[in-house]
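Here is a quick walk through the contacts that tie this chain together. Have the sequence and the model open side by side, and follow along.

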Amino acid sequence: MHDFSALLALIVFLFVVLLFTTLLSLPVAAADGRATAFHDTLFTAVSAMTVTGLVTVNTAEHWSLFGQIVILLAIQIGGLGIVTIALLLSRAVTRKLGLKGRILARQGVGTTKLGEVQSLLRVVILTTLTLELALAVFLVPRFIVVEQSWSGGLWHGVFYAVSSFNNAGFTAHATGLSGFENDPWILVPIMVGVLVGSFGFPVFLVLMIAKAHWRKWNLHTKLTLTTTGILLVVGAALWGALEWSNSATIGDLTVGERVMQSIFASTMMRSGGFSLVDPAASTSATLLATDALMFVGGGSASTAGGIKVTTIALLFLAIIAEAKGDKNLMVFGRTIPEQTMRVAISVTFFGATLVLGASGLLMLVSDASLDHILFEVISAFATCGLSVGLSAELPPAGKYILAALMFAGRIGPIGLASALALRRRNLLYRYPEEQPVIG
């Protein structure tokens, strides 16, 4: 019997996007009391529901408190919905694996209740709300001091706690976070929220049971945390080196401030979407490096986007194994199945195709430079949210293209990976082998 739960989740996801589009179209949602154009409300609703963070209008200035609350609810529901869809698809895959495969899959996420949707949803919701509450506990007091208002501090603390953990990148200040560039009491909790939120629930479930015992971690957890750590360090070093002398960004800051901003930028480049400097002021080399990190994204079954850190890890490991002449791909005492490598390659190619196609379409409707178009497109595909300002400048057709890309970039890789895992054909014949020339 076919499992329609994942398809139903996608339909509900689309319905909720339309609902939030309608709410944002109401005059009461805008600060000036006038109805917002449909292309802007749809773009904002999709961006919030896919926890991307790209905007066509300034969130703090254009939307009223009602509109900002709608956006915050969309981020929260979108973040939970994305993880739920991923887990439902994973559950559909495990149903097709047979008894032995399902037992291994259950061990893989660290729970014996993988087949029980209610148990999974309960864990997802409770974990999400607990971590967001923990972030708010740190952020609210500081914002109360900064805003000199209890209500303002509570609102901003909760807003940034939800936005950071869900890797959404929406800001409730007109100038974003640039006004807090030297405030570690705000920046550090936001960085931690983004980083932890990008791990994914399969990792959370393992850590809840195995804690810090490395040997008890499964392969997915080891790959996710190791690759995330490497990318964080490499990203900070690369971004800092490329922007070190750029007076338009961090060139005029002290050494300590440059290091802090480099770490912050690296944390946000893979999915967070918050920024302390204007990405448009960065060098072309920095934009290219950011493109690469955004395309990778965060962990599987998380609110982070991209092709996922485990995917890029497997591709690099395959290159190393091929260079060494190893027949099998092995890491952390485990052998990676060939089918998993095929899925990784397919997801990467799918993402690159979406980016190429959307970039071509935007070039037809916009006169912006290729590096800016590519940056905005990859940010939309990877649901990162960093922007060089192109989203706001695009004509309605361009905004619809990016909105479609945000949705495809969020749901596409998850659906493709699960669909490929579900499709297993047992052929009763095999053709003779012949090797074509490669390279």
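Let's start with rings. Two rings of Phe, Tyr or Trp (for Trp, its six-membered ring) count as a pair if their centres lie within 6.5 Å; planes under 30 degrees apart are called stacked, over 60 edge-to-face, and the rest tilted. By that rule the structure holds 12 aromatic pairs. Before going on, a word on where this comes from: the model is predicted, so local features need pLDDT of at least 70 and side-chain atom pairs count only at pLDDT 80 or more, while totals for chains, interfaces and linings use all residues. Residues are numbered from 1 along each chain as its sequence is written, and side-chain values use heavy atoms, with hydrogens and water left out.

**The chain as a whole**

The chain has 17 helices and 2 strands. Both kinds of element are DSSP runs numbered from the N terminus: H or I over at least four residues for helices, E over at least two for strands. Of the 439 residues, 52% are buried; here buried means under 20% relative accessible area, exposed means over 50%, and partly exposed is in between, with a 1.4 Å probe and protein chains only. Now take the contacts (heavy atoms within 4.5 Å) between residues at least 6 apart in sequence: 72% of them join residues at least 24 apart.

**Back to the rings**

A pair of aromatic rings is described by the distance of the centres and the angle of the planes. Trp155 and Phe159 make a tilted pair, 5.5 Å centre to centre with 55° between the planes. The two sit 4 residues apart in helix 7 (residues 150-165), so about one helical turn separates Trp155 from Phe159. Trp155 and Phe159 are buried. They also belong to a cluster linked by ring pairs, together with Phe143, Tyr160, Phe180 and Phe274.

Which way do the rings of Trp214 and Phe332 meet? They are edge-to-face, because their planes are at 80°, with the centres 5.4 Å apart. This pair links distant parts of the chain, 118 residues apart: Trp214 is in the loop between helix 9 (201-210) and helix 10, and Phe332 is in the loop between strand 1 (329-331) and strand 2 (334-336). Trp214 is partly exposed at 37% relative accessibility, and Phe332 is partly exposed too, at 34%.

**Where helix 10 meets helix 13**

Helix 10 (residues 219-243) packs against helix 13 (residues 309-324) at an angle of about 85°, with the axes 9 Å apart. The axes are lines fitted to C-alpha atoms, for helices over the stretch in contact, and angles run from 0 to 180 degrees between N-to-C directions. That makes the two helices roughly perpendicular, a label for angles of 65 to 115 degrees (under 35 is roughly parallel, over 145 roughly antiparallel, and the rest oblique).

Helix 10 brings His220, Leu223, Thr224, Thr227, Thr228 and Leu231 to the contact, and helix 13 brings Val309, Thr310, Ile312, Ala313, Leu314 and Leu317. Sorted by type, these residues come to 7 nonpolar, 5 polar and no charged. Nonpolar covers Ala, Val, Leu, Ile, Met, Phe, Trp, Tyr, Cys and Pro; charged covers Asp, Glu, Lys and Arg; the others, Gly among them, are polar.

Not counting residues up to four places away in sequence, Thr227 touches Val309, Ile312 and Ala313.

**Salt bridges**

A salt bridge here is a side-chain nitrogen of Lys or Arg within 4 Å of a carboxyl oxygen of Asp or Glu. The count comes to 5, including these:

| Pair | N to O distance |
|---|---|
| Lys399 and Asp40 | 3.0 Å |
| Lys324 and Asp326 | 3.8 Å |
| Arg342 and Glu338 | 3.4 Å |

Lys399 in helix 17 (residues 396-422) and Asp40 in helix 2 (residues 38-49) are 359 residues apart, so to speak from distant parts of the chain. Lys399 is buried at 7% relative accessible area, and Asp40 is buried at 9%. Lys324 is exposed at 60%, whereas Asp326 is partly exposed at 31%. Arg342 and Glu338 are 4 residues apart in helix 14 (residues 338-365), about one helical turn.
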